[in-house]
Amino acid sequence: MTESSTLRSRLRTAALALTAAVVLASCAQDAPQDTWDPAGSEAQKIHDLQWPIFLIAGIVGLIVFAVVAVCVVKFKDRGQPIPEQTHGKAWLEYLFIALPAVLLAGIAVPSVAVIIELNDTDNADCVVNVTGQQWWWEYDYPIAGDGSICGYMPSGESGSIVTSGQMVIPTDAKVVIRGTSRDVIHSFWVPRLNGKRDMVPGRLHTWNFHADRPGIYAGQCAEFCGLSHANMRMEIVALDPVDFQAWIDNQLEPYQSPEDGTLAADGEAEFIAQCARCHQVDGLTDADGELVVAHPEDQVYSGAAPNLTNFATRNTFAGATWDLLTEECRDDVWEADPENFGERYLAGVDRDCLNAIDLRAWLRDAPAMKPMYTEPEQLEATDGLVRGMPYLALSEDQIDSLVAYLLERK
Amino acid sequence: MFTTGTKLLIGSAGLAWLAAAVYGVAQEGALGTIGLISAAVALSLLAGVNAFVRDSNVSATDTEAFDTSAAAQATARRSLWPLLTGIGLTMLALGMATLPAIFVLGLIALGAGLIEWLVQGWSERASADRAFNDQAREVVADPLELPVAGAILFAIIVYAFSRVMLGMSTKSATVVVFSVVAAIILALGVLVALKRRISVPVVTGVFSIGLLAIVAGGAIAGLNGERDIEVHETTADLAEANRCGTEETEADSHASQTVAAKSNPAATLIYDGSELEIDEVGDDGQVGTITLPRSNPTNVMFLNESEGEARLVLELHPAVDADGVAAGPERICTTLVEDGGRQIMTVEFDRPSFALEAEGVNYEFVVAGSDAAVEVIVP
Amino acid sequence: MALIERPRTGDLTPAVATPEATYGAFRRPVHSTGWKSWLFTIDHKKIGIMYGVTALFFFLVGGLEALLIRAQLAGPNGTILSADMYNQMFTMHATTMVFLFVMPMAAAFANYLIPLQIGARDVAFPRINAFSFWCFLFGAIFINTSWLLGGAADGGWFMYAPNSSVPFSPTNGIDFWGLGIQITGVASLTGAINLIVTVINMRAPGMTFMKMPIFTWMAFVVQFLLVFAIPVITVALFLLMFQRSFDATFFTVEAGADPLLWQHLFWIFGHPEVYILILPSFGIVSEVLPVFSKKPLFGYPLVVFSGAAIGFVGWGVWAHHMFASGLGPISVAVFSVATMAIAIPTGVKIVNWTMTMWGGKLVFSTAMLFAIGLIVQFTIGGLSGVTHAVAPSDTQQTDTYYIVAHFHYVLFGGAVLGIFAGLYYWWPKIFGRMLSETLGKWNFWLMVIGLNMAFGPMHIIGLQGQPRRMYVWTEARAGEGFFNLGFWNLISSIGAFVLGFGVLIFFYNVWRTHFGRHKAPPAPLDPWDARSLEWMTTNPPKEINFDRTPVVSHLDEFFHRKYEDRGDDHAGYEPVATAEEVLAIEEANADDDVHLPSPSYWPIILAFALPIMAYGVIYNILLIAVGGIIVLLAMFGWALEPATAPDSDYDPPSDGGTDLELPTHG
């Protein structure tokens, strides 16, 4: 093979790779965080803006490669005389400045328009507060003056809904999140619904979501946030209006203690003894009938721990990193068609579907699953406050009862 | 290697160190030890300098060096340094009897005088060529003299100028004076830069006049005394003193309002004279409740659009322990904000609202002296 | 300037005593061979070589870190590195490659070549030059000692606050990082001032700015960028040091701080830094392409001005690293458009290189291949850059592997390929032997294939939604089918090892050229038929660089001494002299009396004190005093040092010679 032909073939490969990346990536269906597969109007705006730019970039690239290839083939030293010693022609150079300038101006105008559109938070149908902390997301739903939540009026008494891991939103609604952080900078990113927005402590940043269809949309914290950055995920669950109303009503149902004598009742006592220092369960009362109020700020550096009031209505735990559902049940929910999705999701977790292996492993030794700086010497900098769930030295019996108790939280 | 003089100094230094150590251990006395250590440091320094410059010992057999030996040199020239050394010694003695500051200054004067004396003495005997000797002195002394002189000059300018600034009757006057002085310096700089040829005496003269002016100004201002410097108070002081009412307090006039605004607050509370309106994203113009996160410092902006001054207060209802001691302040507040003014308040809640409800209270933003209120829901 | 300092007139020579003897203890070292000749050298060529060797060593270190990262990510839930170790690894990979490889490598070329290219005998401040190198070396060692002292920095090279505060990173890693970068920053800053003065003041007679070789031009622009960028990061690092070591609250939110302050400071430095990394390589290929095309650089003035334009506009685009950080739409829009604008001067360079080849007489040496490789690979990186100059598109791409792909095409496909082009091109000049062209081609193709295999798939991985800086990725988010993350992550990891192998071939090539049984013969005087001044001397150059200070009348002076135009239309160039003949003329008219600056102890001693002080900040405040005393002593020693050691003159002074004493007030 001659040098020129190897270079030519290499150029062809490079060009092909680029075209492949640009064109074919838009057709892929499978990766849950595919940025080229919009499922909501915000992501669609970005997509409509970016694919022509990728196309233009690809074409410009091909032209450059072609010219280089021609040079390599045509002007190889074959004993021709020394070429003219000239620095080139001025008009040609100005042309090469003007061309990209015009091209870029063409790109700039629609870009600015989309930037403004994406940041428009007027006329929100639903507002959700999002708070990041190492290494999970908390969502709380503010109650409007008329008692409505996210634009929906609860059937019973209104109250605060605090969840984590999965953010549940209604479809066909403009959802505005108001985000901040309790410790370091995190970034909220659900690619199929919108680009990313950093959540900065001390600042309130807004970002919009609009889901076209019911379903689960996967996301991942995108700003490096320390040790377990890789284990900080999120999911947005979009439900159609009827299902969303049902979800709100379910979340607000008053607390019910397990029946006396059941394993779950033991679990409640264990929970109060072991977990309620950090984890809030709304409405939980102790043996004296006193409300149990968690004080995570005394235990955890970020000052918060996930609210577990409706734990078993969620599909994930520990920063949406582990599934609460077995693989089979999980696929059932994820792959459900839009009509059935709401029903499947609202079913929550039951004993048959529970991914007991991961949940029990978590209760047994959480830091072994998710690095969280729990060694004593690493806690000096925080005056002993932990960075995530510590090792609690629970016995298998305690774990049994806690699992039973948690399964009833829905 | 070491000349006799150097050996003498090294010996003395060692002795002084030893004496300092013995005295320090035996007597545990601070002053004496300090004195001996100072002497030891000074002697070590002298020994070092002497070793480095080497005095001009000439062996009797070294006939070639006769021409260059000290004996062959011109007589010593005028010198300022014996005087400085003398002053230093006097201050040392005076300082011991009176003020430690004078003692320290004397020590410095003594050290400086001795070093300069040494360098000059050495350089005058460096060779038979006077010009070369001057050059040699500069090479050794300049790296010491210039930075020290520069630092002293700089300190004088800064100190004098700071007296002028502090002597001004108001803050705005300082701004004017500062700008004028800066403008003059800039203008002079421009003139010097533009004029291609300018004689050194002219530049020196201008600088000297400027320096004199600053020093004189500083002296006058220093004698006049400083203006009253206001105590810095913050809204945290207000909360601590529980003075969140309608009346004006010390802190209201002293707290800085200029740094009170901040980007991206969680919400803006607007007071129109009768009601508190909440302005937050996605929740425009609603009245009644606001949801803020638990255990997270959150910035809330207060905007006063009423006719008069107003103060935003957050009622916190802190948890009370068994002895009835509250875990934190009862309430926090902004300063009195003038009409059209705004101020940020950083709030943090360590209990959820439902924990307060059990006690029959709730978190509440109110405007002092009015009925305007917004309930805070902390999930 | 109105105040003109005139050189001292009059003879200061004393009757008997000489200054050197009089000042006693402070004799300058006089070594021209052995390890001491390197330790105390102030010869820009030796310093350049030391910069290069150190940088290449850290290239291997950074490469090893990269391979560990790719090994960890080859499959899902990798277990080769712990989360903590992984975070340290990617932080140090970036830090090493940026601060300890590409920047000093550029300094190596600049140090070695600028005096040669402008016909000078050394840089303006030779001792400061040595000081710069030692600061860099000691700073680099200092940063890397953190591996053994409780763990390296783990906050990412961008070190965003507040994640860089003590509660979030309890080890001393970030302290080492911040203080170490501070020390290497001293190196960059002093080096930059030195080279700026050198270029402005020490060009050979006749070499106007527009006759200056293009590499010198680009390096010159870079030095200005350094002079303005380093102070910004210095301020930021001071804030970080006070935050971590002295309980300051610059980034503590409870105290009212805004963490975005750090991001602005970091990227105001960080974006010009990108051009600091890439422009020297632009300069290198702009030298290599004309030589192997037998044509002058197409649009030389435009390449110069576009380089300067990049240097200016590079200051106005920093916030494009912060499109997702919530700046507000107006700022984002402004920075988005500014970022697109900087694509224009960059595009100009690509066009000019291509047009340089057009109509030429192309010889595909290894250096030329690397240069062409740069054009192609950098274009890919540049175009993917345009896709995220568009801010909405960037919110999908930033912090994903797409960005990783982008800047590796720019920095590996751009900066590193350029550096390798330079190494192959100037190797015979610097070391007097030619690297094997056969091995060189293996080197080139393996690197290019490895580069595209390693970084090409990252475009896909990123667009499929895999964020950066995650110590594991999971099957659950990998998807299936052609674009599944598992396959492409594996390809990328294999590619990284191919790339690593390609780099090793370079080192084998070096070993073989100089030490092996097949040791290369001494290189010919002008192996590439080169065009610029640095080739108008021996290989390697003598200590005095040029026998006679060259007089320049053309851009590409050397070419014009070898070839002359027989016609009127610049078309009939014919050889008139060989390189040997050109050189013979210079030798015959050698300057008589050349004073070279003498070696010195002080630069290395002064530089050595800085890490001592830095250790003091971390461990014991007393160490700062120890370091401070050494600094003071070294500075006085430096100041008291006689200008030259008489016995280190190149030629003993003779009557009537031109006295070409160099300034030594460094």
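How many residues of chain A are in contact with chain B, and how many of chain B with chain A? In this predicted model, 33 residues of chain A touch 26 residues of chain B, where contact means heavy atoms within 4.5 Å. Chain A and chain B bury about 2,200 Å² between them, with 51% of it on carbon and sulfur atoms; buried area is the accessible area (1.4 Å probe) that two parts lose on being put together, summed over both. On the side of chain A, the residues that lose the most area to chain B are R178(A), R182(A) and L204(A), which together make up 23% of what that side buries.

Within chain C, the domain assignment, whose bounds come from an automatic or database source, gives domain 1 (46–523) and domain 2 (524–590). Their centres, taken over C-alpha atoms, are separated by 33 Å. L116(C), R121(C) and K429(C) supply 28% of the area that domain 1 of chain C buries against domain 2 of chain C, more than any other three residues. The two interfaces are set out below.

Chains B and C meet through helices. The axes of α5 (residues 130–167) of chain B and α19 (residues 621–640) of chain C come within 9 Å and cross at roughly 145°, axes being lines fitted to C-alpha atoms, for helices over the stretch in contact, and angles running from 0 to 180 degrees between N-to-C directions. Helices (H or I, at least four residues) and strands (E, at least two) are DSSP runs, numbered from the N terminus. V139(B), V140(B), P143(B) and L144(B) of α5(B) make the contact with F636(C), A639(C) and L640(C) of α19(C).

In chain A, three strands form an open sheet of mixed pairing in the order β4-β10-β9, where two strands pair if DSSP finds at least two bridges between them. β4(A) runs parallel to β10 (residues 233–239) of chain A and is joined to that strand by five bridges, and V168(A) has V237(A) as its bridge partner in β10(A). Helix α7 (residues 338–346) of chain A packs on the sheet, touching β4, β9 and β10 of chain A, with its direction at about 120° to that of β10(A).

Residues are numbered from 1 along each chain as its sequence is written, and chains are lettered from A and ligands numbered from 1 in the order in which they are written. Local features need pLDDT of at least 70, side-chain atom pairs count only at pLDDT 80 or more, and totals for chains, interfaces and linings use all residues, while side-chain values use heavy atoms, with hydrogens and water left out.
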